[in-house]
Amino acid sequence: MEWIGDLERTFATSLYPLRVPIAIALLVGLVVLILVARRRGWVGMVRRHPGRAALLAVALLVVGLPVGWYLGSPLIIRTSLAEPAPSVTTDPSSSLAIGPAPTASAAPAETTAKPALTSPPLAAVRTGTFKGADDFHFGSGTARLIEAQPDVWIVRFEEFSVRNGPDLYVYLSPDPRGFADGAVELGRLKATDGAFNTEVPPGTKVADLRSVVIWCKQFGVLFAVAALA
């Protein structure tokens, strides 16, 4: 299905920026088509063969409606999700200093307890700002790569919004510019808007990864990318 992705990229980069003049041209073309149909008697032909015309219309609807809904409905459907930020585990440790042991001939030495030493939270954060791949595939918001526990990483989406698509997934990519070989799949995108968390698979070497990517898995199309700094 990559050819559909190629068509979409061509549309997004070449046709979408010219959408206003193209819409005007299509409207003019429709008017011309109607005038030509009336002059050549195409309407009368349809009236003389209603069965054939109805059969053709049904065939077009059976094929066109499901395909059109699958490809076009994401443009109008939006989903929103608000999840709390992940809790970050601290690693407390303590140290206790004890004086000499008491003896029978001396008063017990005072025992002094030092306050517990708490390590800073494991909030090793790398942050990036989402940008759309082009004018059609928009994206905005912030991605944060957070170590919630030792070797447990989470991608946090904040104030996030992206153009919806038919098969959107989240990846961590070794290329700061977007999807590349070696990208790690984190799962299906939870929502088009909001703030939420996505877990990174255990054992992932996050040091080698440079961006959070929103990728249409079925058609191979980049929607948005956040380069991690």
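## A guided tour

Begin by selecting Glu 83 and Arg 156: a polar atom of the Arg 156 side chain lies 2.8 Å from the backbone oxygen of Glu 83. Please bear in mind that this is a predicted model.

Keep Arg 156 selected and display strand 8, residues 152–162, in which Arg 156 lies. Is Arg 156 buried or exposed? With a relative accessible area of 7%, Arg 156 is buried, because the limit for that class is under 20%. Next, show its surroundings. Leaving out residues up to four places away in sequence, Arg 156 touches Glu 83, Pro 84, Ala 85 and Pro 86, then Thr 142, Ala 143, Arg 144 and Ile 146, and finally Ala 195, Phe 196 and Asn 197.

**The nonpolar cores**

Now select Phe 130, Phe 157, Leu 172, Val 212 and Ile 214. These residues have the most contacts inside the largest nonpolar core, which has 27 residues. Colour strand 7 (139–149), strand 8, strand 9 (168–173), strand 12 (211–216) and strand 13 (221–227), since each of them supplies at least two residues of this core. Strand 8 gives the largest share, five residues. In soluble globular proteins, nonpolar side chains tend to be buried together.

Centre the view on Phe 157. Which residues does Phe 157 contact, leaving aside its neighbours within four places in sequence? They are Phe 130, Thr 142, Val 170, Gly 194, Ala 195, Phe 196, Thr 198, Val 212 and Ile 214. A second, separate core has six residues, among them Tyr 169, Val 213, Trp 215 and Val 225.

**Strand 10**

Proceed to Val 184, which lies in strand 10, residues 184–188. Not counting residues up to four places away in sequence, Val 184 touches Val 170, Tyr 171, Leu 172, Pro 201, Thr 204 and Leu 209.

Helix 2 (19–40) and helix 3 (42–48) are the elements that give two or more residues to the patch, and helix 2 provides the largest share, six residues. End the tour at Val 31, which is placed in helix 2. Val 31 counts as partly exposed because its relative accessibility is 45%.

How values were computed. Residues are numbered from 1 along each chain as its sequence is written. This is a predicted model: local features need pLDDT of at least 70, side-chain atom pairs count only at pLDDT 80 or more; totals for chains, interfaces and linings use all residues. Side-chain values use heavy atoms; hydrogens and water are left out. Helices (H or I, at least four residues) and strands (E, at least two) are DSSP runs, numbered from the N terminus. Buried means under 20% relative accessible area, exposed over 50%, partly exposed in between (1.4 Å probe, protein chains only). Contact means heavy atoms within 4.5 Å. A polar contact is a pair of N or O atoms within 3.5 Å; within protein, one must be able to donate a hydrogen and the other to accept it, and residues adjacent in sequence count only if both atoms are side-chain atoms. A nonpolar core is a set of buried Ala, Val, Leu, Ile, Met, Phe, Trp, Tyr and Cys residues joined through side-chain atoms within 4.5 Å.
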